[in-house]
Amino acid sequence: MASNKTFTSPALSFELVARCSVTRARASILTLPHGSVNLPIFMPVATQASLKGLTPEQLEATGCRLCLNNTYHLGLKPGQEVLDAVGGAHKLQGWNRNILTDSGGFQMVSLLKLANITEEGVRFLSPHDGSPMLLTPEHSMSLQNSIGSDIMMQLDDVIVTTSPDKARMREAMERSVRWLDRCIAAHKNPHTQNLFCIIQGGLDLDMRRECCREMLARDTPGIAIGGLSGGEAKDDFCRVVAACTELLPDLKPRYVMGIGYPEDLIVSVALGADMFDCVWPTRTARFGNAITKHGVLNMKREMYAADFGPIEDGCGCPCCRPIEEEGAMGITRAFVHHNAAKETVAAHLLTLHNVWYQLDLMRGAREAIIEDRFPGFVRGFFGNLYPDRNYPSWAVDALKGVGIDLLES
Amino acid sequence: MTADTQNSDSAAMRFEILKGALKDGVAARVGRLAFAGRQPMETPNFIATTSRGAIPHITPDNVNKHLQTAGAYMALEDFIERPQQYAKRTPPIYEAPTTTKHTTRLHRFTAMPQSVTTVLAARRIPAVPSPMGNTNASISVFTSTGFQVLTTKEYLSAVEALTPDIAIPLADLTHSTITPNSKRALRMAERTDEWMVEWFSSLSESTSPPRTSTFAPVLPISYSIQWEYISRLAEDYLPTGQLSGLAIYDPDLLPDLAEHCPDLLPLPRLSLSNPPTPHHILRQIALGVDVFALPFINALSDAGLALSFSFPPPASSLSPPPPSSSSSSETGTEGERTTNKLLPLAIDLSHPSHATSLAPLSPGCTCYACTAHHRAFVHHLLAAREMLGWMLLQVHNHAVVSSFFAGVRAALLNDGEPTFDDAARRFALAYEPDFPEGAAERPRARGYQYKSVGGGEPKRNKPAWGKLEGEEGTKSDESEQVGEKSVGA
């Protein structure tokens, strides 16, 4: 029965396509105002309405149908007035697919000195003139409404998960719930934009569970797990994701914020998460690093200077795909080495490759889930990455918890 | 019938003059320059200028899709650096294997689309002047790891290995703005002459018909000093078919050339003189240049400028332009009313007046940047220093120059009124003499492009980082320091 597998809300529908028979991994279709996207998905981050040198056309050709913009950056440049005048971020950047925006709160904390969080909102000093400014849940919603993102995130009270201050952690979690209520009240376009809640609670599983219950009661169309990827141990990260996905409803998308290393993605998918974002793949590209199934290769190393193979053998991206194929560029490692950190073109090429890698990894995982061979896919993935089978213990433990034994031969 | 209505053919190249000069001597002409396996080029036309084998900011897939550029200028000095730890290595480009899609090493290494005609010369344009000077058997080049010596032999073997479609043999150039004294000028001519003899005798040793066409340099010194060298070209190498074209460093020599060596008239002429504006281009076309390498396009894109000129100029060019497309109105003072009536050659997209403009970069332009995006986006990208801004400007600026040349060719082919001369005169009256400065921050300066000469140049970009509590300017990003970083030699 379709209704048992589909969830619909005014600006979103979520269809569960398949479930792994061993792990908690799921394959689904998320339909948003700018088209449908296949989950699980990695979302590249176009911080300032541009994916680091790629045209929207090139980004779309990688298969990307949902990317991120950062509310904080767009609020500064071009600013809310311009966004309103232009008609939103889709129109600004010529991107007719989906956009997800964060709340702006994370950048306040990560980028700014003297950010001060009160019940009212986040107080910080303007990076323009140093004058005191205040970001409230209402202001964040108003900015995201101007951006017109397909998925908006609530403003949350973020503190580092490793903070030992339990009372502060509880305060942050409870305040995030209160701020969600204010966000829901302030959201002007619930019929065209989706607002996702963010589960907080640090590394305390009970607090996370409590937060889940509170947030679920608000019935947002999608759910994010926040506050992670801030330097906590990977074991802790996996425990939190597992504890949350256990409580979350089947028929809503689950987004783990700030995750991007391929191992993290695969483990998180096994733990039942659907959506991920991270600047790492595109940032590391600009540092001359290529992500491959055998690990990260630094193209600036002399060993690639006369290497005329593709960035990664067997990769289907426009840089690497066999030269006979349509749209293939015939890029060699030697050319990337030649221009890495010298010409922007090398950064663009590696960005293209890395985004393709991440999206293709999720495509592969999705196919494996649908064909119910996901555990084999996970083993193959880790086998490629660690040919000596020296797997990281956090991954072994986390996967064991959902029924995959990496060490079993 | 004049001499330049003949055609010039060689094994790999064909240059047809479709419409020659109507009067004797050098003048504008229309032609078609074609190389085996490449997209033919209608002339007058231009080629893109690469940096380290790439058209700046444009990936090869977009060169194919969004640039109408039929040729690319490449400098050998961009490929032969010797990293300190690997000083003995063979430059990797010499080992690049060819494929069915990239049939020369140069195309293969740079992933330049196969349809693009490649031009190989020793030095970038504009070239960084070398403090070391040239010797009787070598020139000094500037690589990303510093100055190094390039011998005539090395250059010859590079050309043989890379098989560019056009090769410019070494010339003894100073790359300085100061005119060489007559003694130096004489030596330039003598050395270049000797090098040319060596070049052609070496090339004739290789048995197979050469795939590379030689465009001999014409030096930027007076004809009377280099006449012996030029007559040798006409008498010894033209009849053998070894000489395929001329690389012109000073187009003002073309009338002398026509007068004294009419045999050279059928050869295609490539201008490497770095004309700074379209006004200069039109003047050089009138003197008889066929193909231009135009480094200013890359520089203007980096400066946040969108080219806005067309040829012939719009009919209503004497009425003031709409406020949004005028860059002079924001810089011009009340006293400069007359210049305000001139059309700008380019629009500074960093100006706040474009912040919410959904207009194309220039009206009626059909390039990717103008059809898929708008001024507001490029303005935002420049303000945010996002690399896509420079990419979109490159696409647009190459498209504008491309249609400028199409307009020039149409005017030259037009037998009735208005003539090319009329249109060129109107162009000079309609447009401002220079490009605007461009207030946007530039991409990070890369060491091999610039070299501090004398030092003390101001920094173009704001320092990316300052001291924590404000003392701005005391500490700055080293990489912004023009040129200093990678000068090793």
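## A hairpin in chain B

Strand 8 of chain B (residues 138–143) is joined to strand 9 (residues 146–151) of chain B by 6 bridges, and the two run antiparallel. This is a predicted model, so read every value below as computed from that prediction. With 2 residues between them, strand 8 and strand 9 of chain B make a hairpin. One pair to look at is B:I139, whose bridge partner in strand 9 of chain B is B:L150.

Strand 8 of chain B is well covered on both faces: B:S138, B:S140 and B:F142 are buried on one side, and B:I139, B:V141 and B:T143 are buried on the other. Since 6 of the 6 residues of this strand are buried, strand 8 of chain B is largely enclosed by the rest of the structure.

## The barrel in chain B

Chain B also holds a closed barrel of 8 strands, which runs 5-6-7-10-11-12-13-14 with parallel pairing. Strand 5 (residues 45–49) of chain B pairs with strand 14 (residues 291–293) of chain B over 3 bridges, in the parallel sense.

## A buried aspartate, B:D290

B:D290 sits in the loop between helix 7 (278–287) and strand 14 of chain B. Is B:D290 buried or exposed? It has 0% relative accessibility, so B:D290 counts as buried.

What does the side chain of B:D290 reach? The backbone nitrogen of B:R269, at 2.9 Å. Setting aside neighbours within four places in sequence, B:D290 is in contact with B:F15, B:R29, B:T43, B:P44, B:N45, B:L267, B:P268 and B:R269. One of these residues, B:N45, falls within strand 5 (residues 45–49) of chain B.

## Strand 5 of chain A

Over in chain A, strand 5 (residues 41–44) sends A:I41 and A:M43 one way and A:F42 and A:P44 the other way, and all are buried. Strand 5 of chain A runs parallel to strand 15 (residues 275–278) of chain A, and 4 bridges join the two.

## Where the chains meet

Now for the contact between the chains, which takes 46 residues from chain A and 54 residues from chain B. Chain A and chain B bury about 4,000 Å² between them, with 59% of that on carbon and sulfur atoms. Which three residues supply more than any other three of the area that chain A buries against chain B? They are A:F308, A:H338 and A:E343, which supply 15% of that area.

One salt bridge has the side chains of A:E57 and B:K65 meeting at 3.7 Å, N to O.

On the side of chain A that touches chain B, the elements giving two or more residues are helix 1 (56–61), helix 2 (71–86), helix 3 (89–93), helix 11 (333–339) and helix 12 (344–370) of chain A. Helix 2 of chain A gives the most, with 6 residues. By class, this side of chain A has 22 nonpolar, 14 polar and 10 charged residues.

Technical notes:
Residues are numbered from 1 along each chain as its sequence is written. Chains are lettered from A and ligands numbered from 1 in the order in which they are written. This is a predicted model: local features need pLDDT of at least 70, side-chain atom pairs count only at pLDDT 80 or more; totals for chains, interfaces and linings use all residues. Side-chain values use heavy atoms; hydrogens and water are left out. Contact means heavy atoms within 4.5 Å. Buried area is the accessible area (1.4 Å probe) that two parts lose on being put together, summed over both. A salt bridge is a side-chain nitrogen of Lys or Arg within 4 Å of a carboxyl oxygen of Asp or Glu. Ala, Val, Leu, Ile, Met, Phe, Trp, Tyr, Cys and Pro count as nonpolar, Asp, Glu, Lys and Arg as charged, and the others, Gly among them, as polar. Buried means under 20% relative accessible area, exposed over 50%, partly exposed in between (1.4 Å probe, protein chains only). Two strands pair if DSSP finds at least two bridges between them. A polar contact is a pair of N or O atoms within 3.5 Å; within protein, one must be able to donate a hydrogen and the other to accept it, and residues adjacent in sequence count only if both atoms are side-chain atoms.
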